[in-house]
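Please look over the structure below before reading on. The points that follow are numbered and can be checked one at a time.

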Amino acid sequence: AIVNQLAWKTAEFGLDTTDSVLVKTAATFDLSVWELWSPLTTGGTLVVTPPGTERDPDRLRELIDAHRVSVLHAVPSLVGMLLASNEELPGSLRHVLAIGEALPAVTAHRLLRQRPETELHNLYGPTEAAVSITAQRVRAADGSELLRRP
């Protein structure tokens, strides 16, 4: 299942040797599989964060910018933390993969307004299914009233 997920992810998001992925998730959490293995299977770059950094949105933004991270795997609450300050997300981000929790419409709206060129994907699924089983690209036209507000 993991091999199939990684093959799907590589094709779906067009991942290759130019991509850089931030590793900030504990190895005991299923999301770490994608963070660790997706850059290793595509020849991309693995950026490992120092312990404790995963709770510091300012430091995470600095690392994303400094290492030109292009793919961010994050629970929606972390995405919300990264968007909470007046600092914008770095321009290197091509994909934000929100996974592991329900994605609040307000978080999606904020990311789409701040970084319209960054693709936001809402993924979800139980650990037993090898990280996720559903995936949808979130667009401003998607059903939520919050996503339509200026």
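1. Which residues are buried in H2? They are Leu31, Ser32, Trp34, Glu35, Ser38, Pro39 and Thr42. Here buried means under 20% relative accessible area, exposed means over 50%, and partly exposed is in between, with a 1.4 Å probe and protein chains only.

2. A word on the source. This is a predicted model, in which local features need pLDDT of at least 70 and side-chain atom pairs count only at pLDDT 80 or more, while totals for chains, interfaces and linings use all residues. Residues are numbered from 1 along each chain as its sequence is written, and side-chain values use heavy atoms, with hydrogens and water left out.

3. Overall make-up. The protein has six helices and six strands. Helices (H or I, at least four residues) and strands (E, at least two) are DSSP runs, numbered from the N terminus. Read from the N terminus on, the order of the elements is α-β-α-β-α-β-α-β-α-β-β-α. The protein has 150 residues, of which 45% count as buried. Contact means heavy atoms within 4.5 Å. Among contacts between residues at least 6 apart in sequence, 65% join residues at least 24 apart.

4. Helix H1. This helix takes in residues 2–13. The expected span of a helix is 1.5 Å times one less than its number of residues. For the twelve residues of H1 that gives 16 Å, and the end C-alpha atoms are 16 Å apart, so the two agree. After the helix comes Gly14, with a positive phi near 60 degrees.

5. Gln5, Leu6, Lys9 and Phe13 are the buried residues of H1. They lie on the same side of H1, because they cover an arc of only 95 degrees around the axis; the arc is that of the directions from the helix axis to the C-beta atoms. Val3, Asn4 and Ala11, on the other side of H1, are exposed. The buried residues of H1 pack against helix H2 (31–42) and against strands E3 (71–74), E4 (95–99) and E5 (119–124).

6. Helix H2. The twelve residues of H2 should span 16 Å at 1.5 Å a residue, and the end C-alpha atoms are 17 Å apart, which agrees. The cover over the buried residues of H2 includes H1, E1, strand E2 (45–48), E3, E4 and E5. Gly43 follows H2 and has a positive phi, near 80 degrees.

7. How H1 meets H2. Their axes come within 10 Å and cross at roughly 65 degrees. Axes are lines fitted to C-alpha atoms, for helices over the stretch in contact, and angles run from 0 to 180 degrees between N-to-C directions. The crossing is right-handed, which is to say that the near helix is turned clockwise from the far one by less than a right angle. H1 contributes Ile2, Gln5, Leu6, Trp8, Lys9 and Thr10 to the contact, and H2 contributes Val33, Trp34, Trp37, Ser38, Thr41 and Thr42. These residues divide into six nonpolar, five polar and one charged. Ala, Val, Leu, Ile, Met, Phe, Trp, Tyr, Cys and Pro count as nonpolar, Asp, Glu, Lys and Arg as charged, and the others, Gly among them, as polar.

8. Leu6 as an example. Leu6 lies in helix H1 and counts as buried because its relative accessibility is 10%. Leaving aside residues up to four places away in sequence, Leu6 touches Trp34, Trp37, Ser38 and Thr41. Leu6 and Thr41 are 35 residues apart along the chain, and their C-alpha atoms are separated by 7.8 Å.

9. Loop residues. Thr18 sits in the loop between H1 and strand E1 (20–23) and, at 64% relative accessibility, counts as exposed. From Thr18 to Gly44 is 26 residues in sequence and 5.8 Å in space, C-alpha to C-alpha. Arg68 is in the loop between helix H3 (57–66) and E3. Its phi is positive, near 50 degrees, although Arg68 is a residue other than glycine. With 56% relative accessibility, Arg68 counts as exposed.
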